[in-house]
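Work through the two exercises below with the sequence and the model at hand, settling each step before reading its solution.

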Amino acid sequence: MTIYKKFSPFYNLGIFYFIISFILRIVLLFHPITQSSFTIVESLKIFTLGLVSDFFVFIIALVFLWLYLIFISNSKYNKPSGYIILAILISLFGYVASGKSILDEYGGALPRIVLIFIGIKTVLFSLLLFLPKLRDKIRYWLFAFVMFLYVLLILQNGLSEYFFWNEFGVKYNFIAVNYLIYTNEVIGNIMQSYPVIPIFSALFLVTGIVTYFILRNAKSYIEAIPTFKEKLKISGVYIILFIVSLLVIPVLAKTENSKNVFVNELQSNGLYKFYLAFENNKLDYFKFYKTLPNEKAFAILKQQFPTISGENTSRKIENDSAENHKNVVLITIESYSAEFMKAYGNEQNITPFLDSLAQKSMQFTNLYAAGNRTVRGLEAVTLSLPPTAGESVVKREDNKNKFSTGAIFKQKGYNVKFMYGGDAFFDNMQDFYSGNGYQIIDKSSFAPSEISFSNVWGVCDEDMYYKAIKVMNVEARQNRPFFNHIMTVSNHRPFTYPNNKIDIPGDIKSRDGGVKYTDFALRKFFAMASKQPWFKNTVFVIVADHCASSAGKTELPMDKYRIPAFIYTPDAKPEQFNKLMSQIDIMPTLFGLLHFDYQSKFFGQDVLKSDYKPRAFIATYQDLGLIKDNVLTILSPKQQVKQFRLKLDSKPGIASEYQIDYDEKCMKKERTDLINETISFYQTASFMLKEKKYQM
């Protein structure tokens, strides 16, 4: 067997991996969500540096195949070594099975996983030891299985990257890491959104065919097992490549520095991006971001809040009118972009009810979501806090007893509830809201008779609203005002909902249908609520949690954060507020309308006050942005700062206050004052959380 053939399992898999990577990049390049054109230089960068990165990542991924192949031998089955190895395996199995192993100190599924692995290894070793005549056949099928797994994982990863891009317009990021935690909802969503059986049938068929051809070219490795000396040569080459890969991969990642985000995403390797997201799920602001001396950061913040003192945001909010303890219903709508509404230019008539309700409400036309995930929206309206780096506070361990909007309502004597049509365990909502004094009403609270339709995310919005009306009728009889926060679910992939409700069937799984059904369900809710005795004494706050998509050419595309928001009070005169504002300002503004006096720690402000200075916060889990004075300032890890001049890209037929498209031009000359203000907001918010100063 030549040295070339000894490497055949590695390079045959490698060729297949590069073919899949190349095809995937072509597909993603022309995907409708990739809203960009590319120069020849950018295209070359995507495919050359991208494939080089794939090569080195693949070298790392081959470590398990290398370990498997170098331990293939016949000598270990000789007497007495074979029996000694078997005895060791059986002893290890008994040790782990005893429940008193070191693995049990870690808890979880780890001991079971290791036990299964050792058990399989023991059984296979026994077969190879006691059935020498069948050893070659058993070894061949084991080799075939290992190659099948590698081919399957390569194809599966390609499919996963495609579907993730289809949803988010990026390679794997922190969201993909989260998806590993909530497997029930995620797998259920996939099952209901895509034709899973045909896809996986085709996947296994293609895997089998590819494995067959790879085996034809690679089986010589086990037909003539390399000698110890040959294995040393193979291992030497592989270890050198492995070490080089560890050094080169981070360097290649630094070349993903184009101003066009799509170039960077297409150039990147999805597996390495997943690793980075996993490593960076907790980002210490003071370690990774540009900072100021703490006293200077709070001094700049004092320009926003003149009455604060020291290193905190505590201040007294006072109104010159008597407090109005009306009931409050806050509805955060899942994945609801401003562009869905008629006023913002949509011509599909998919939000007829909200279009009409907006005209009767106090409408905030220039409001931006804090983030691109539900937990960020919930964090914004509950804590009125800028979106700090890493995971949302909702999902952090230290997420309880925070200074929250619910706490203010409880101080005023309100019943406080969080209502969600799905399982509140998802995204840690139950832990967060119950830990902050909210009573939880979720799918587990529903009787079977109260559910007319549900999918993997939970009951349909109509069912949730029916339940909410029942709960509020009970609350109204308790002679206490209520604050109920309702989180909707129906406008989420797979976009299934009851048929015969709107003119778009629920089983065709269309986003427009999800939006229109959400609007339909809201109309029914208001129709039911208007008949209740508590209706005229209730204020309704409606705001999206985030936009339907966050993909764009820049790190923080402005149009992907613009969301609708309004406050509806029956019989109140409609108003329109057109100044720039943030999602975190919604509830402090409501408290101002209710004339609440309270001691505040909120970063959010009452935008109707004369001293309000327009600004908005938008962020991903690592890019932290501030919009102010037609400039977008972005703080990123490794102390990076970028600034973009915002130029409105007006669309004909849309009123000026509803224009959402901006060109983001990189600024050559920095606005230092805005950089320092951005740092001030995010640094002080991070400091308050880290030092537990944002507690009740």
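**Exercise 1.** Determine the handedness of the crossing of α21 and α22, and describe the contact that goes with the crossing.

The crossing of α21 and α22 is right-handed, a crossing being right-handed if the near helix is turned clockwise from the far one by less than a right angle, and left-handed if anticlockwise. The contact (heavy atoms within 4.5 Å) involves residues of α21 including Tyr-465, Ile-469 and Met-472, and residues of α22 including Phe-520, Leu-522 and Phe-525. The residues of this contact of α21 with α22 comprise 11 nonpolar, 1 polar and 3 charged, where Ala, Val, Leu, Ile, Met, Phe, Trp, Tyr, Cys and Pro count as nonpolar, Asp, Glu, Lys and Arg as charged, and the others, Gly among them, as polar.

This is a predicted model, in which local features need pLDDT of at least 70 and side-chain atom pairs count only at pLDDT 80 or more, whereas totals for chains, interfaces and linings use all residues. Residues are numbered from 1 along each chain as its sequence is written, and side-chain values use heavy atoms, with hydrogens and water left out.

**Exercise 2.** State the strand order of the open sheet of 5 strands, and find which strands stand at its edges.

The order is β15-β16-β17-β18-β19, with antiparallel pairing (two strands pair if DSSP finds at least two bridges between them). β15 (616-619) and β19 (662-666) stand at the edges with a single partner strand each, so one side of each lacks a neighbour in the sheet. Within the sheet, 5 bridges join β16 to the antiparallel β17, and Leu-626 stands opposite Thr-633 in β17.

Definitions and conventions: Helices (H or I, at least four residues) and strands (E, at least two) are DSSP runs, numbered from the N terminus.
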